[in-house]
Each structure stands twice: as C-alpha cells, then as structure tokens.
Amino acid sequence: MRKEGLSSEAIEMLKLAGKSPSYRLKAQVQIGLCHRSAGDHRAAIQAFRVALNDPSASQAQMIDVQYFLARTLESVGQIAEAATLFHRIAQTNPRFKDAAYRANELSSNLKHLTNGQRWGAGNRSWFSNAIKSFNRWPLVASK
C-alpha cells in the first residue's frame, strides 16, 4: 500500500496489526517508512524511535531500525545524530550497507560545519557537483 501511495490507509492497518506483540516492531517500522515516503519526516523519526524501544527486537532488527532512523535524520539535516547512529551501526557490523561510509562522510561534514562552512557542500548530488564544477571552468570564446 505504501508503494502505491496509500500511506494513510497503510498506517491505519499497521496500527491495528501493531497491537499484537508479535507484529509490533515490524508494524512500527513500516509506519515509519510510510511516514517517510509521504514526506512526514518528523512522524517517521518518532515511529523509528518507538521501534527502537521494543524489547523483543533482535540485534539485526535494531541495526535495521537505526539505519532507517539515521537516513531519515540525515535527510532533515540532523547530521550529528545521524553520524552517531551510523558510527554505532558500523561498530556493530562494519559491513552493514554504507553505514561506515556515511559515518565518515557526515563526520567530515560536521568538521567543516564547525569551521564555519555551510552544510550541504559535501552532500550534493552528482548532478549538482557536475554543474558546480562546470560553472568553475572559464568560458572559452570561439574565434
């Protein structure tokens, strides 16, 4: 339902499913993903935080939830907390997706921020970087 753009309906169904202890964690994570895909990052962050408090979660499930939370925090500019989570994930499982890379990138960006640079310079898309690079080249007039 989430992938079909029916996030609100999916959230309501997941809330019902989440009343069962055996589905609580998975339902809460899916609620977070629904909120995130609908653009409600604050609600997504809250849902992921609730999921992290589930005592029945395995270590692998906790890492997955931490990763979803970290990616969402990163997307809204909460870089310090996202970097901390990525570091924690990388320490627990160094090969987990791109957590180690993201931890290093965000930590590097945080250092630049503390040196007075704006956030975003290292977080551009490849296209933005290409345009920025292109704009630096001097224009050569043809004869």
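Helix 2 covers residues 24–37 and helix 3 covers residues 41–52; their axes come within 7 Å and cross at roughly 165°. The crossing of helix 2 and helix 3 is left-handed.

Which residues of the two helices meet? On the side of helix 2 they are Leu25, Gln28, Val29, Ile31, Gly32, Leu33, His35 and Arg36, and on the side of helix 3 they are His41, Ala43, Ala44, Ala47, Phe48, Val50 and Ala51. By class, this contact has ten nonpolar residues, four polar residues and one charged residue.

The axes of helix 1 and helix 2 come within 9 Å, with a crossing at roughly 165°. That makes helix 1 roughly antiparallel to helix 2. Their crossing, too, is left-handed. Helix 1 contributes Ser7, Ala10, Ile11, Leu14, Lys15 and Ala17, which meet Ala27, Gln30, Ile31, Cys34, His35 and Ser37 of helix 2. Seven of the residues in this contact are nonpolar, four are polar and one is charged. Ile31 and His35 of helix 2 are named in the contact with helix 1 and also in the contact with helix 3.

The side chains of glutamate 12 and lysine 15 form it, at 4.0 Å from N to O.

The next pair is helix 3 with helix 4, the latter being residues 59–75; here the axes come within 9 Å and cross at roughly 155°. Helix 3 and helix 4 are therefore roughly antiparallel as well, and helix 3 passes helix 4 in a left-handed crossing. From helix 3 the contact draws on His41, Ala44, Ile45, Phe48, Arg49, Ala51 and Leu52, and from helix 4 on Met62, Val65, Gln66, Phe68, Leu69, Thr72, Leu73 and Ser75. This contact divides into ten nonpolar residues, four polar residues and one charged residue. His41, Ala44, Phe48 and Ala51 of helix 3 are listed here and in the contact with helix 2.

Finally, I come to confidence. The mean pLDDT of the chain is 84, and 78% of its residues reach 70 or more. Where pLDDT is low, the predicted coordinates should not be read in detail.

Technical notes:
Residues are numbered from 1 along each chain as its sequence is written. This is a predicted model: local features need pLDDT of at least 70, side-chain atom pairs count only at pLDDT 80 or more; totals for chains, interfaces and linings use all residues. Side-chain values use heavy atoms; hydrogens and water are left out. Axes are lines fitted to C-alpha atoms, for helices over the stretch in contact, and angles run from 0 to 180 degrees between N-to-C directions. Helices (H or I, at least four residues) and strands (E, at least two) are DSSP runs, numbered from the N terminus. A crossing is left-handed if the near helix is turned anticlockwise from the far one by less than a right angle, and right-handed if clockwise. Contact means heavy atoms within 4.5 Å. Ala, Val, Leu, Ile, Met, Phe, Trp, Tyr, Cys and Pro count as nonpolar, Asp, Glu, Lys and Arg as charged, and the others, Gly among them, as polar. pLDDT is the predictor's confidence in each residue, from 0 to 100. Angles under 35 degrees count as roughly parallel, over 145 as roughly antiparallel, 65 to 115 as roughly perpendicular and the rest as oblique.
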